[in-house]
Amino acid sequence: MKISSIGITGYGQTAYEKRTTRTLFSFLSEAGKNALDSAGLTFKDVDGLAICSFELHPDNAVTAAEQLGLSVSWAYLGTAGSAGPVASVINAVHAIETGQATTVLCIAGDNYDVGGHFKLMDNFSRGLRNYGTPLGFGGANGLFGVIQRKHMETYGTRREDLGRIAVDQRRSAQRNEHALLRGPLTIEDYLNARIIADPIRLYDCVLPCAGAEAVVVTTLDRAQPGKGVRILSGFERHNHPPMEIAPLRGGWETFADKLFAKAGYGPEDMDFVQAYDDYPIMVAIQLEDLGFCKKGEVSEFLARNTFSWDGTLPLNTGGGQLSCGQAGIAGGLLSVTEAVRQLRGEGGDRQVANARRGVVAGYGMVGYGHGLSASSIILEAVQ
């Protein structure tokens, strides 16, 4: 079975909550049901399950299937942080190609708040727990502050250009009723916000919250008319570059050429980008590594483009995590559900005009001084 005959036929999400009393499985099951409803299917149609969650332990994909009432022939547990949800879509395609499953439900979600996020980071891996946390490494803010400073000093990257990402995404978020942060945001607000981990300031950071996202991956002949989204290509890479502290590049650079070649399109053919936006600097690095501009030239690229839903390069058209909130690992699937929404023409007031195809990128699994995992897929509307 060719990858071009496999796609996403449904998507769903829950509302995001800053603080919640809900259980993790209530979020996961709600997002899954919404995705299946969107696809015109039920849980009985599912024979493959992919789960990504920081908070799932000691449960796993098999015990999650039990709780959802599923009998599955293929189960996948994400291990790549917030690159995992995009990777789960890639691996769901492979499972269907090889006959291990016919319909895969991919779900990602967590139910923590700001305090829970700090606790998670302090115990994220043995490397961080043993060598980072005791030294007060500052969590993700501290790590990405180093990366942003290094990028600025190496390439002359300007904060006012990085700020265009946060400001334009907030403009899109104002048209997304599910975004937690919808107040006006100007470039002056961004530049003058309080320092969190210099040069990282308040509006460079996401708001940890609770919620879940889900998509249904199956053969496109099962899609409702006009609702199928073809998966043209997809790749993942982990621990690149190896042993480099605070790298200014990621795994995307190792597969960008073949990602676009397999899809049959280039960066210039993308109608939007849905990038993993834990910080604007990482969006900038993804734009470089995926070939939208040369390494070190992202400041100029940002300065000459606009990024809201009606911009020259629509970016994270629902507001991204910077405005919607970061529901743990669900942030890695938020970009996929928003891409599917746009390609189905269901973006409402933030619909990208004539959206036919777009690229989605995931990133995650913080290691000692660098992120470990990168993933990406290219999606196209089925007419």
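How many disulfides does a search of the whole structure find? The search finds zero, where a disulfide is defined as a pair of cysteine sulfur atoms within 2.5 Å. The structure is a predicted model, in which local features need pLDDT of at least 70 and side-chain atom pairs count only at pLDDT 80 or more, whereas totals for chains, interfaces and linings use all residues. Residues are numbered from 1 along each chain as its sequence is written, and side-chain values use heavy atoms, with hydrogens and water left out.

For Cys52, the closest cysteine sulfur is that of Cys106, and the separation of 7.8 Å is too far for a bond. Cys209 is likewise in no disulfide, the nearest cysteine sulfur being that of Cys324, 8.7 Å away. Cys52 is buried, with a relative accessible area of 0%, and for Cys209, also buried, the relative accessible area is 0%; here buried means under 20% relative accessible area, exposed over 50%, and partly exposed in between, with a 1.4 Å probe and protein chains only.

Nine strands form an open sheet with mixed pairing, in the order β3-β2-β4-β7-β1-β8-β11-β10-β9. Helices (H or I, at least four residues) and strands (E, at least two) are DSSP runs numbered from the N terminus, and two strands pair if DSSP finds at least two bridges between them. The edge strands, each pairing on one side only, are β3 (74–77) and β9 (272–274). On average, neighbouring strands of this sheet are turned by 25 degrees against each other, direction ignored; axes are lines fitted to C-alpha atoms, for helices over the stretch in contact, and angles run from 0 to 180 degrees between N-to-C directions. Strand β2 (residues 48–52) runs parallel to β3 and is joined to it by four bridges, and the partner of Gly48 in β3 is Trp74. Helix α9 (residues 252–263) packs on the sheet, touching β8 (229–238), β10 (357–366) and β11 (371–381), and its direction makes about 160 degrees with that of β8, contact being heavy atoms within 4.5 Å.

Backbone geometry was examined as well. His57 and Pro58 are joined by a cis peptide bond with omega of about 10 degrees, Pro58 being placed in the loop between β2 and α2 (61–68). A cis peptide bond also joins His240 and Pro241, with omega of about -10 degrees, and Pro241 lies in the loop between β8 and α9. Met243, although not a glycine, has a positive phi of about 65 degrees; Met243 lies in the loop between β8 and α9 and, at 76% relative accessibility, counts as exposed. Met365, which is not a glycine either, has a positive phi of about 60 degrees and is found in strand β10.
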